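I opened my notebook for another look at a model, and these are the entries I kept.

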Amino acid sequence: MYKYLFGPVPSRRLGMSLGVDLVPKKVCSLDCVYCEVGRTTKLSVDRQEYINSDCIKDELKDYFDNNPAPDYITITASGEPTLNLHLGEIIDFIKAVKPDMSIAVITNGTLLYDKKVRKSLMKADLLLPSLDAATDAGFRKINRPAKDLKVEDCIQGLISLSKEFKGTMWLEVFILPGYNDNEEELIELKKVILQVNPDSVQLNTLDRPGTVPNLRGATRDELQKIVDFWQMDKVEIIAKVKQTDKTQSYRKDTKSAIFETVSRRPCTLEDLMEMLGLKSEEIKIHLDALDAEGKIDKVEEERGVFYQMKNKNEK
Ligand code: SF4
């Protein structure tokens, strides 16, 4: 079982994606109400090693030696990956060992005001920063940032990155009814999006338990109304990923793959079937075993029963 790699899983946006975790659960500069990973226990903008880069490189080498290549290596984290000081070094390492491998980085974008962070991202092929609010009130309400963070700095960083980065940029906006879907917020978001001018603007919403109880995701109609209100090119509603035959050729160590997946975000049985390309009976056997070992919890939600790592939301 890998400690810092997970998947590959079919991602909504990247096809078969091998995740690389650069900070431990749960180090982040934000504590978003909708976070699938759980409450942020270290809320900080402090860049540190967090995870030793040699340990990550060893796992990557082992993966490359023993498994088929995924479509993407996705640098992400159980938190915010740009907080890891060695982000640039890890990207350089992957490009040195696998020059043709596409690398994506998923970031909350809050540290982009720092030139060093922007520089470390330059060799990635695809950047997926997020921006959920462009007003101070909206930012504090939905993203609950570390105390030194200001929304204007995050926006300025994003604009600077868009000028410097030559690869593809998809900007994600996570919509939560009652949090960031009011007219003032949508108008301010649009102004920023026009300045950043990403290759795509991707509207996302909740489909798993967040960290605050009783949140609801936006409906397809509500998201479509935002698309219509903005009247901008390139805005898309992210659709759920479909099962692909390709999935079945990945990862033979099923129980580890299931545990790695639910450790990072809560999943229903159907999510796991879709992600791992396995039959429900096989997944159930491993879920029962993980349950009996006291490693996972079940949580009843509107979309069904979610499996997650035990005590996900404990501080
Ligand atoms: S959603 Fe992302 S940015 Fe927000 S708290 Fe979770 S890991 Fe951090």
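**Domains**

I reminded myself that this is a predicted model. I then looked up the domain assignment, which gives domain 1 as 5–250 and domain 2 as 252–315. Taken over C-alpha atoms, the centres of domain 1 and domain 2 are 23 Å apart.

**Helix α8 with helix α9**

My opening pair was α8 (residues 254–264) and α9 (residues 269–276), whose axes come within 11 Å and cross at roughly 120°.

Which residues meet here, in α8 and in α9? From α8 I listed A257, I258 and T261, and from α9 I listed L272, M275 and L276. Sorted by class, the residues of this contact of α8 with α9 are 5 nonpolar and 1 polar, with no charged ones.

**Helix α8 with helix α10**

I stayed on α8 and turned to α10 (residues 280–292). The axes of α8 and α10 come within 10 Å and cross at roughly 70°. The two helices, α8 and α10, are therefore roughly perpendicular to each other. The crossing of α8 and α10 is right-handed.

On the α8 side I found T254, K255, I258 and F259 in the contact. They meet E282, I283, H286, L287, A289 and L290 of α10. By class, the contact of α8 with α10 has 6 nonpolar, 2 polar and 2 charged residues. I put a mark beside I258, which meets α9 and also meets α10.

**Helix α5 with helix α6**

Next I went to α5 and helix α6 (residues 183–196), which pack at an angle of about 25° with their axes 9 Å apart. That makes α5 roughly parallel to α6, because angles under 35 degrees count as such. The contact is made by I155, L158, I159 and S162 of α5 together with V192, Q195 and V196 of α6. I counted its classes as 5 nonpolar and 2 polar, with no charged residues.

**Backbone checks**

My last entries are on the backbone. Most residues other than glycine have a negative phi, and most peptide bonds are trans.

- G7 and P8 are joined by a cis peptide bond, with omega about 5°. I located P8 in strand β1 (residues 5–11).
- The peptide bond from K25 to K26 is also cis, and its omega is near 10°. K26 sits in the loop between β2 (15–21) and β3 (27–28).
- R144 has a positive phi, near 40°, in a residue other than glycine. I found R144 in the loop between α4 (136–143) and α5 (151–164).

Note on methods:
Residues are numbered from 1 along each chain as its sequence is written. This is a predicted model: local features need pLDDT of at least 70, side-chain atom pairs count only at pLDDT 80 or more; totals for chains, interfaces and linings use all residues. Domain bounds come from an automatic or database domain assignment. Axes are lines fitted to C-alpha atoms, for helices over the stretch in contact, and angles run from 0 to 180 degrees between N-to-C directions. Helices (H or I, at least four residues) and strands (E, at least two) are DSSP runs, numbered from the N terminus. Two residues are in contact if their C-beta atoms, placed from the backbone, lie within 7 Å. Ala, Val, Leu, Ile, Met, Phe, Trp, Tyr, Cys and Pro count as nonpolar, Asp, Glu, Lys and Arg as charged, and the others, Gly among them, as polar. Angles under 35 degrees count as roughly parallel, over 145 as roughly antiparallel, 65 to 115 as roughly perpendicular and the rest as oblique. A crossing is left-handed if the near helix is turned anticlockwise from the far one by less than a right angle, and right-handed if clockwise.
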